[in-house]
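I opened this notebook to record what I looked up in one structure. The entries follow the order of my reading.

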Amino acid sequence: MREREREMKVVALVSGGKDSCFAMMRCIDYGHQIVALANLIPLDDSVDELDSYMYQTAGHQIIVSYAECMGLPLFRRRIHGSTREHSVNYRMTPGDEVEDMYALLHEVKRQIPSVNAVSSGAIASDYQRMRVESVCSRLGLVSLAFLWKQDQITLLEEMIRRGIVAVTVKVAAIGLNPSEHLGRELKDLKLHLLKLNEKYGIHVCGEGGEYETLTLDCPLFHKARIFIDKYKGILDNPNSTIASVGVLHPLSFHLEQKDASYSTSHLPAVFEVEGNPTFTQASSSKPLDSEFDPDKGEQAVNFRISSTGKNLLSVGCWIQNSSKTSNGLQEDLAAVLRQIELRLGAEGFGWVNVLYVHLYISDMKQFALANEVYVKYITSAECHFGVPSRSTIELPLVKCGLGGGYVEVLVAREPEKKKVLHVQSISCWAPSCIGPYSQATQYKGVLYMAGQLGLDPPTMNLCVGGPTAELEQALQNSEAVAKCFNTSIFTSTFLFVIYCSARLTSSEKMQVREKLKSSFDSSDSPAFLYVLASDLPKGASVEVKPVIYAPEVEEETEELEVGKLRMPLENIFGKLQIDKTCYQLCNIKDKLLSCIVSITNTEASKICSQDDSAFDFQCGSKKHMTIISTFCASIVAKTLCENGFSWNDLVILRFYYPTSLLLSADLMDCVFSEAFLDLARDDESIKFGKEPLFNLVPVIGSGQSAHMDDLITCELLASKL
């Protein structure tokens, strides 16, 4: 068992089914404490099953006994609402049945203030999971869903092996006959369920509504177990030619005590939660310091805005401050986000249009403060098609005169076409995104995945074993996310960024490279970009960021052309040709183009060979950087042209440069801007706007190899999708 981050006091949502009980067992496995139970039941006791995608109520007449079986308080509420908000992304809706859950958990929290988490048995239903997450967010609770996305056959076998005794209280699937299978124990139905899964594809855990269960005993029932003495079967559609629906209605039951010393004179309390729910939206964030003003000082600083593309574009913003001072990370970041908000608004866009956010901050120790600022701007309410995905790293921004915060956003003109995966629950599936950022965003055939750390999902702690172990876990986490979009990082990634902590030794960097190399087939491996960052979230050693070709289901997939040029790349800069080992390119169906170009010390020396003075990697000159920036602009133009892409197709263009160059950000900005202006002057068909179309990113090091010792590394992404 890995060390947990912290023990949580958990209220468990119980329906009586096997899943909610096993979810409680998983909570205890990971060191959390169940302190209360919560259950929602129909208004009328005689009603067995509601027409609800949200709640299981079959067998609800027996759930009151769970308090005695477990020795825990039970909070119950009758369901007054109905399904009024039908979309998967739930918004607070008065009169909806979800508001009954809110009222129930609100009362639990009021009576037991130490409660900080909610357990649920969600396995595959986004509809249920996201509603639980919505309620948890509004109440400041953590959602625990340890069964989420787990293999159902494995789950079924483990539930039985670990002593869950459950009987079917509803059957509603082909191959399940009410007269034969209603009231049967789960262990006795296992083989039959597996056969039905193989024959008809039914969910063996009943996630498709095939059946529901009632747990009569399990290891958590320390005090007593339940016996059903008498029941009757009720057929819902007896004349169905496909599958009859049958519900078990209990007529009588009793408890058998397990603990002889247990006194029934001190039974746990059962609370009936009544009254109308108090409607409150989720708090967007924790309150900021009262002295903090997002607009403070905006007039006193200079901002630099970059913008690329036409239909899909990136917008970057940073502070130009040659004095290398900062107003503080909070104020700098707020000012930058405000400028991006204004820039988006000028184009008729908003945060709803943002697919992805690159958040560069000057001090990872202030990550929590950065998040407080972030959630003042980017919220679920603002992003009603789903919050953007995000990656965060620390860079030497202040040292380079770029302020405390630097932000790039990827913007789509048609936000309604994006598909977002935002799982806030802590589970065994992949790390949760508790804040307003998503695991991944799919847009027009491309999956933009959030930066993934080597976190153990159920504990949210970095796995032990060093950088390679973290990398392996990060790859597993990324693959779990990719599978939700019916793709794989190992076969469909066309651009793979690996952020490495500056703490890594040379040996550890090489180990990371070898581990990554062994994880991908060399024949179709993506373009790799390594970036050496000052620090990463949680003090991680590595963070990975795959960009994946993930067409919609109806689109025909095609093998990636990785490292192969459409036409020979020659005569890029006069008679000079860049070494092919410094160039990685991926062209997908002439619709997507990614490219990594490494300007190494050797290449820089060749580029600058026309100059009389020798090039010095450690202390470059403006003259030499002017030559190199002109070369970089030329190679970008050549790459786009020879692969049939225009400047309007350009989505991302970044130039990473090491702080060891001892060249200021202002100087780098000046020479690169001039290089692209010269390019436009030489070719009248090229038209750039007033804003630069590139971002200059200061790093400790970067490159297409784990040495990360390039002078300049170019990252390019273009799209016609």
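**Entry 1: basis.** I noted that this is a predicted model, in which local features need pLDDT of at least 70, side-chain atom pairs count only at pLDDT 80 or more, and totals for chains, interfaces and linings use all residues. Residues are numbered from 1 along each chain as its sequence is written, and side-chain values use heavy atoms, with hydrogens and water left out.

**Entry 2: the chain.** I looked up the secondary structure and found 15 helices and 31 strands; these are DSSP runs numbered from the N terminus, helices being H or I of at least four residues and strands E of at least two. Of the 721 residues, 58% count as buried, that is, under 20% relative accessible area with a 1.4 Å probe, protein chains only. I then turned to contacts, meaning heavy atoms within 4.5 Å. Among those with a separation of 6 or more, 77% join residues 24 or more positions apart.

**Entry 3: helix 1.** I checked the length of helix 1 (residues 18–29). The expected span is 1.5 Å times one less than the number of residues; for 12 residues this gives 16 Å, and the end C-alpha atoms are 16 Å apart, which agrees. Helix 1 is largely enclosed by the rest of the structure, because 10 of its 12 residues are buried. Among them are Phe-22, Met-24, Met-25 and also the charged-type names Lys-18, Asp-19 and Arg-26. After helix 1 comes Gly-31, with a positive phi near 85 degrees.

**Entry 4: helices 3 and 4.** I found helix 3 (residues 98–111) packed on helix 4 (residues 126–139) at about 40 degrees, the axes being 10 Å apart. Axes are lines fitted to C-alpha atoms over the stretch in contact, and angles run from 0 to 180 degrees between N-to-C directions. The pair is therefore oblique; angles under 35 degrees count as roughly parallel, over 145 as roughly antiparallel, 65 to 115 as roughly perpendicular and the rest as oblique.

**Entry 5: helices 5 and 7.** Which way do helix 5 and helix 7 run relative to each other? Helix 5 (residues 152–161) and helix 7 (residues 186–200) pack at about 170 degrees, with axes 10 Å apart, and are therefore roughly antiparallel. Ile-153, Leu-156, Glu-157 and Ile-160 of helix 5 meet residues of helix 7 including Leu-186, Lys-190 and Leu-193.

Terms used: Buried means under 20% relative accessible area, exposed over 50%, partly exposed in between (1.4 Å probe, protein chains only).
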